[in-house]
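Open your viewer and keep the selection tool ready. This tour goes stop by stop: what to select next, and what is there.

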Amino acid sequence: MLVWHSLDEVGPDFGPSVVTIGNFDGVHRGHQEVLAHARSQAEARGGLPVVAMTFHPHPMQVLRPGHGPATITEPAERAELLAKAGADAVLVLPFDREVAAWSPEEFIDRVLVGALKAKAVVVGENFRFGHKAAGHVDTLVEAGATKGFEVEGLALAGAEQPWSSTYIRGKIAEGDVEAAAEALGRPLRVTGVVIEGDKRGRELGYPTANIPAAADAAIPLDGVYAGWLTVLEPAPGAPVYDEPLPAAISVGSNPTFDGVDRRVESYVLDRDDLELYGSKIAVDFVTRLRGSQIKFESIDELLVQMKADVDGARTVLSS
Ligand SMILES: Cc1cc2nc3c(=O)[nH]c(=O)nc-3n(C[C@H](O)[C@H](O)[C@H](O)COP(=O)(O)O)c2cc1C
Ligand SMILES: Nc1ncnc2c1ncn2[C@@H]1O[C@H](COP(=O)(O)OP(=O)(O)OP(=O)(O)O)[C@@H](O)[C@H]1O
C-alpha cells in the first residue's frame, strides 16, 4: 500500500486514477461501500488505481481547536483499513489553515486534476469540501464535465440511520460497543503501549495490561466490558503471543484507590504469566458487562465484583 503525506509525495508520473475523498475516521461500513464503488469505477476503466484522499489532523481540530471530534482510528490504522477496503494508495493531506482556505475550485485543481489526475471521483451525497464547505457533489459534477472526470454521488448507506463517524462516536461515548461494532463492520478497537500501573493487580489476583486513555481517542464510557486482547508489536525481548486472548476490560480511573488517570485495563482470563509491559496491544470490545466503575468500601467487595465480571466475560466470550 502506498501512503503519501503531502501532494508533493504523489510524484508527477502518478495517474490517471479513481479518487474518493473524506475523513474516513473509523473506515465504517458506509466508507467501505464508497471504496467498493471506487473499485468498480477503477475496474471499469481498465484497472486504474484507487486513491483514498483524506486529511490529518481532522479539519474540525484545526478549525475549532480543542473541540475536534474524538479519533476512532489513528492515521496508520485508518490507512491499513482503507487499503483492506480497496484503496491502492492513501493520500493524507496535512490539513492547516491554508488548506482550509482553498476554494472548491482550488481544491479540485490542485488535488483532483493536478496531483491525482482523477478520471472518476466517488463520494457520499453529503460530501462537502473547500472553504466554508462551499463545494458539494454538484460542484464536482460541473467541474468534472470540463476537466475530464466523472462523479458518482452515493446515497448514504446504513440501517436505521446512515452509518457515520459521528454516530459511531456517540455510541462509543454511551458504552454501546455493540452498536459501534455493527456500524464499523468489526469490533471497536483501542490500541496503545502497555504502561506500568500501580502494581496492585497482581496482588489482587487480577494482573492487568494498562493502556492510557488518550484524551483525543474515542474510548468507551467508563465501565466493564468483555473483549479480546491482541499483541500487535511485542516489546523487545518479550514473548510472542499469536492468538487473541480473552479479557475482562475495565475502563476508568480505579475510584476504589482514588485513581486519577483514566485507563483501559485488561485482565486476560486465567493468565498471570503474561509479559506485556512496553508491547503495543489492541483491545477489541465485544460487550458491556456493567456500568461505571464503583468506589468500593473495601478490597474484598471489589474482589467479589471482579470475580463476577470475570465470570461474565468468560460466558460471553466462550459463546
Ligand atoms: C474486571 C475488572 C473490574 C474492575 N472494576 C473496578 C471497579 O468497579 N472499581 C475500581 O475502583 N476498580 C476496578 N477495577 C480496577 C482495579 O482497581 C485495578 O485493576 C487494580 O487496582 C489494579 O490496578 P493496577 O493495574 O494499576 O495495578 C477493575 C478491574 C478489572 C480487571
Ligand atoms: N453511510 C454512508 N454511505 C455512503 N457514503 C458515506 C457514508 N458515510 C460517509 N460517506 C462518504 O464517505 C466519505 C468519507 O466520509 P466522512 O468520513 O467525511 O463522513 P462521515 O463518516 O459521515 O463522518 P462525519 O460523521 O464526521 O460526517 C465521504 O465521501 C462521505 O460522503
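## Start in a loop

Select Ala133, which lies in the loop between β5 and α6. Helices here are DSSP runs of H or I with at least four residues, strands are E runs of at least two, and both are numbered from the N terminus. This is a predicted model, where local features need pLDDT of at least 70, side-chain atom pairs count only at pLDDT 80 or more, and totals for chains, interfaces and linings use all residues. Residues are numbered from 1 along each chain as its sequence is written, chains are lettered from A and ligands numbered from 1 in the order in which they are written, and side-chain values use heavy atoms, with hydrogens and water left out.

Stay on Ala133. Its phi is near 55°, a positive value in a residue other than glycine. Ala133 counts as partly exposed because its relative accessibility is 39%. The scale: buried is under 20% relative accessible area, exposed is over 50%, and partly exposed is in between, with a 1.4 Å probe and protein chains only.

Now select Lys132, found in the loop between β5 and α6. Lys132 has a positive phi too, about 55°, and is not a glycine. Is Lys132 buried or exposed? Lys132 is exposed, since its relative accessible area is 73%.

Next, pick Arg128 in the loop between β5 and α6 (137–147). Arg128 counts as partly exposed, because it has 45% relative accessibility. The C-alpha atoms of Arg128 and Pro104 are separated by 9.1 Å, and the two residues are 24 apart along the chain.

## Zoom out

Show the whole chain as a cartoon. It has ten helices and twelve strands. The C-alpha trace spans about 75 × 35 × 35 Å along its principal axes. Of the 319 residues in the chain, 47% are buried.

## Ligand 2

Select ligand 2 and its shell. How many residues surround ligand 2? There are 20, and the closest are His28, His31, Asn126, Ala157 and Thr166. A residue is counted if one of its heavy atoms lies within 4 Å.

Display the polar contacts, meaning pairs of N or O atoms within 3.5 Å; within protein, one atom must be able to donate a hydrogen and the other to accept it, and residues adjacent in sequence count only if both atoms are side-chain atoms.

- Ala157: a polar backbone atom is 2.8 Å from a nitrogen atom of ligand 2.
- Ile21: a polar backbone atom is 3.0 Å from an oxygen atom of ligand 2.
- Ser165: a polar side-chain atom is 3.1 Å from an oxygen atom of ligand 2.

Alone, ligand 2 exposes 610 Å², and the protein buries 88% of that. Areas come from the Shrake-Rupley method with a 1.4 Å probe; for residues, only the protein chains shown count as cover.

Color by element next. Those giving two or more residues to the shell around ligand 2 are α1 (29–44), β5 (118–124) and α7 (165–174). By class, this shell divides into nine nonpolar, ten polar and one charged.

## Ligand 1

Move to ligand 1. Its shell holds 25 residues, and Asp198, Arg200, Thr256, Glu265 and Ile294 are the closest.

- Arg200: a polar backbone atom sits 2.6 Å from an oxygen atom of ligand 1.
- Thr256: an N or O atom of the side chain is 2.8 Å from an oxygen atom of ligand 1.
- Arg263: a polar side-chain atom is 3.0 Å from an oxygen atom of ligand 1.

On its own, ligand 1 has 620 Å² of accessible area, and the protein covers 99% of it. The elements that give two or more residues to this shell are α9 (201–204), β10 (245–252), β11 (263–268) and α10 (299–318). The shell around ligand 1 has ten nonpolar, eight polar and seven charged residues.

Select Ser250 in strand β10. Ser250 is buried, because its relative accessible area is 16%.

## Two cis bonds

Where is Pro16? Pro16 is in the loop between β1 (2–4) and β2 (17–21). The peptide bond from Gly15 to Pro16 is cis, with omega near 0°.

Finish at Pro57, in the loop between β3 (50–56) and α2 (59–63). The bond from His56 to Pro57 is cis, and its omega is near -5°.

Methods: Nonpolar A, V, L, I, M, F, W, Y, C, P; charged D, E, K, R; others polar.
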